Amino acid sequence: MVLKFLTVHSLAQDSSLAAQDICAQLRHHADQAPSLLLLYFTQAHEGAILRDALKRQFPTTRLLGCSSCGGVMTEMGHHARDGYGLAVAALYDEKGAFGVAGASGDGVDVRQLLRRAMSDCGRPGELPQLILFHASPGKEEGLLAGIEAELGTSVPVVGGSAADSSVSGDWQLCWDEAVSQDGIGLAVLYPDCQLAFQFHSGYVPAEFSGEITACNGREVLTIDHQPAAEVYARWCGREQPWPVGAILRETTLTPLARQVGALDGIPYYKLSHPEAVTEQGGLRLFTDVVQGERLLLMYSSQEGLLQRSLNAMRIEPGYGVDVELQPIGALIIFCAGCRLALGDMLCQFVEQSQARLGKIPFITPFTFGEQGRLPNGELAHGNLMVSSVIFLTR
């Protein structure tokens, strides 16, 4: 069978019925089991029910997925109704190999997980073409450091942090053996095709910047020795600081960033989304920060965000991709904050992506953090970004 990538979705408002619907659609499209299933769903669904049903139907298929904020997108549009949405990407590849591993709780040994996943598909010790990575928010930087310690800097990583619809911790992860709210699931991919990658921000720098002079984990306490929330509000042009509490929606078009490097003299950045103002007048972010780092204010508009996000739906000829190869499918991991900021303009992403890559199938979860490699190879966890992999074959 020729390598195939397809997506199916269901709006059924019951996890058992939705899983049955997905299984029926997959059986209709192919008479064999998929090699890999990527499963994305809203928090209203029970991940355990979805996983169990799919594994019963396709016991030899590897499975990885997580919950998504507010819906899931495919080439058919945005899928959500009354809080329920479910979509699956199925990869059929007889010549490829795919391994999955996961673990729950603190102190996960991601290096051991990688070895398990590689052994799972009969490729122990062989560098994969791609690592796909989903984790619960809060642990991403340490897990990425473990991946780099195990496999070095040459393996592409694409990832997204599990999300819910209200930042209440109701996110879910799932993989072959389990479902968890707290942990990591990863897949190693050795597909019989070429891959193209992108890791993009939809923002440009504003004129304001300052040094982190005190912080605690993901909370910035002071910028230039002043309360961080006051400084940030001033940068955003507010006459009064935000009250203590969540500010996620209000800050989507004005995130913070740190410059990571430069390519051909043009700086590039890793973004951090301010999540809340704390009791101490600090800013809690969705990424770790370090004292002494310099924060910059970034900005975008809805239109600018849409157009720069669409950069994930392109193949750079300078990246060594064979010009005779054609895209057959894509995984586009899209920040939940960007999705909320785009509002009704999100539908244009589907239309304009087809103008760039053709009417290929793709699947898009909306995540609370995105992972990928920056232009000079840095493995990064950022916010308000788009991380993608495009599957190419002749």
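**View 1. Aromatic pairs across the whole structure.** Searching the whole of this predicted model turns up eight aromatic pairs. Each such pair comes down to the distance of the centres and the angle of the planes. The next two views take one pair each.

**View 2. A tilted pair, phenylalanine 5 with phenylalanine 391.** These two rings sit 5.3 Å centre to centre, with 40 degrees between the planes, which makes the pair tilted. Phenylalanine 5 belongs to strand β1 (residues 4-10) and phenylalanine 391 to strand β27 (residues 385-393), so the contact ties together parts 386 residues apart in sequence. Phenylalanine 5 is buried, at 6% relative accessibility, and phenylalanine 391 is buried too, at 3%.

**View 3. An edge-to-face pair, phenylalanine 334 with phenylalanine 349.** Here the ring centres are 5.4 Å apart and the planes meet at 85 degrees; over 60 degrees counts as edge-to-face, so that's the label this pair gets. Phenylalanine 334 comes from strand β23 (residues 326-335) and phenylalanine 349 from helix α8 (residues 346-357), so the pair links a strand to a helix, 15 residues apart in sequence. Phenylalanine 334 is buried, with a relative accessible area of 0%, and phenylalanine 349 is likewise buried at 0%.

View 4. Over the ring of phenylalanine 366 sits the charged end of arginine 339, 5.4 Å from the ring centre.

**View 5. A lysine over a tyrosine.** The charged end of lysine 4 sits over the ring of tyrosine 92, at 5.3 Å from the ring's centre.

Technical notes. Residues numbered from 1 in each chain as written. Predicted model: local features only at pLDDT ≥ 70, side-chain atom pairs only at ≥ 80, totals over all residues. Heavy atoms only, no water. Phe/Tyr/Trp six-rings, centres within 6.5 Å; stacked < 30°, edge-to-face > 60°. Helix = DSSP H or I, 4+ residues; strand = E, 2+ residues; numbered from the N terminus. Buried < 20%, exposed > 50% of the residue type's maximum accessible area, 1.4 Å probe, protein only. Lys NZ or Arg CZ within 6 Å of the ring centre and 35° of its normal.
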